[in-house]
Amino acid sequence: MKWLLPLVGAGLLAACSSGSQPPANDPTANVEVASVQLGAIDETLTVYGDISADTSLRRDLVAPLEAQITRISAPFGSLVQRGQPVVYLRPSPQSRLEVAQAATAATQANEALARARRLRADGLMSDADVESAQASASSANALVGSLQSRNYTLRSPAEGTVTAVDFAVGDIIAAGTTIAQITVDSDVRARFGIDPSLARSVRVGDTIRVTPTSGGTTFATQIIAVDPIVDPVTRLASVFARVSGSTEIAPGEPLKGEIVISSRPNALTVPQAALLDDAGQKYVFTVVSGKAKRVDVTIGATDGGRVEILSGLRQGDQVVTTGAAGVSDGVAVTIGPPAAPSSPSPAPINAATASPRASPSANPTATGDTTGTSRQQ
């Protein structure tokens, strides 16, 4: 039985050695948090639209007769002053022929009138014949005067913006054709499409924050009209807002609008980044005693970067805003900005292989004994 004692002692020693190993660490997530705050929040509707066409603010520059464009001094988008030249023209060959023909016809009419007057003096023509000749001469002279007095420099009739130039230099334009359009600088209307079911919640006088989608400064204005009639193409109702001419937003430029339909002065809110979604159920992760806890919430209004919480949270609760992707219910968390990635440590150098001058008399037995000792311990 004495020979069993060393074996029992070795077994107890091995059991003690294995039991002294530290347990594996639980997973920990690094997160950033924010407090549930009490404050004012506006309930808004997001709508899209543009500057609606207002024919009362448009001025057309029309070709006085068939003419050729020789110069466009104010192209599309130009800001122009009243009386500033926009398009230069010259009569086309056909127009010059018409002027010459009208001048010839006027000369003949004037000669006929003079002849009628002489014959009337001799008693060979009636007063009615003279009046008819005079009417023909007057008409022919008026036509010549009109053709010769046509202005071939088209000028802006008011201060505004060139919003259309439909032709190019060298084009021949028919008489009466609109060559360019000027939109007068003045307050204009913006039209926004809105779901008909939501149009009932918008009132004249409500505030709308407008932002050009192409980039630009957001400004606030007011709703001036609500049209509940559904557009047959877009299937949307319409709301209209007044836009100051000082914004220099061109007609037709796309706009985004946020209509404030209600304001809550004492609402519980969390950052938008804290809100998560699980098949339609909104939830957040709170931090309690160093661990993450999932909390289902009911949300209300959304205003910019914050969301109203109607149920599920209390003021002062800590919610995860960054790092939620690595969090699950019950996981331990540390609060703070994500740690910077550490640079990898250099690989250990094996002196026996790295140095070509390693001593051939190195004792392999000693190395083996050291390894054996480590394993035994």
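Me: Which residue in strand 10 is the bridge partner of Leu 61?

Reply: That's Ala 180. Keep in mind that we're looking at a predicted model.

Me: What makes strand 3 and strand 10 count as paired?

Reply: Two strands pair if there are at least two bridges between them. Strand 3 and strand 10 (residues 178-184) are joined by five bridges, so they pass that cut-off. They run antiparallel.

Me: Why do strand 3 and strand 5 stand at the edges?

Reply: The open sheet has four strands, in the order 3-10-8-5, with antiparallel pairing. Strand 3 (58-62) and strand 5 (79-80) each have a single partner strand, so one side of each has no neighbour in the sheet.

Me: Why are helix 2 and helix 3 called roughly antiparallel?

Reply: The axes of helix 2 (residues 93-121) and helix 3 (residues 127-148) cross at roughly 155°. Angles over 145 degrees count as roughly antiparallel, so this pair gets that label. Their axes come within 8 Å, and the crossing is left-handed.

Me: What classes of residue are in the contact of helix 2 with helix 3?

Reply: You'll find 16 nonpolar, five polar and four charged residues there.

Me: How many helices and strands does the protein have?

Reply: Six helices and 22 strands.

Me: What share of the residues is buried, and what makes a residue count as buried?

Reply: Buried means under 20% relative accessible area. Of the 377 residues in the protein, 29% are buried.

Note on methods: Residues are numbered from 1 along each chain as its sequence is written. This is a predicted model: local features need pLDDT of at least 70, side-chain atom pairs count only at pLDDT 80 or more; totals for chains, interfaces and linings use all residues. Side-chain values use heavy atoms; hydrogens and water are left out. Axes are lines fitted to C-alpha atoms, for helices over the stretch in contact, and angles run from 0 to 180 degrees between N-to-C directions. Helices (H or I, at least four residues) and strands (E, at least two) are DSSP runs, numbered from the N terminus. Angles under 35 degrees count as roughly parallel, over 145 as roughly antiparallel, 65 to 115 as roughly perpendicular and the rest as oblique. A crossing is left-handed if the near helix is turned anticlockwise from the far one by less than a right angle, and right-handed if clockwise. Ala, Val, Leu, Ile, Met, Phe, Trp, Tyr, Cys and Pro count as nonpolar, Asp, Glu, Lys and Arg as charged, and the others, Gly among them, as polar. Buried means under 20% relative accessible area, exposed over 50%, partly exposed in between (1.4 Å probe, protein chains only).
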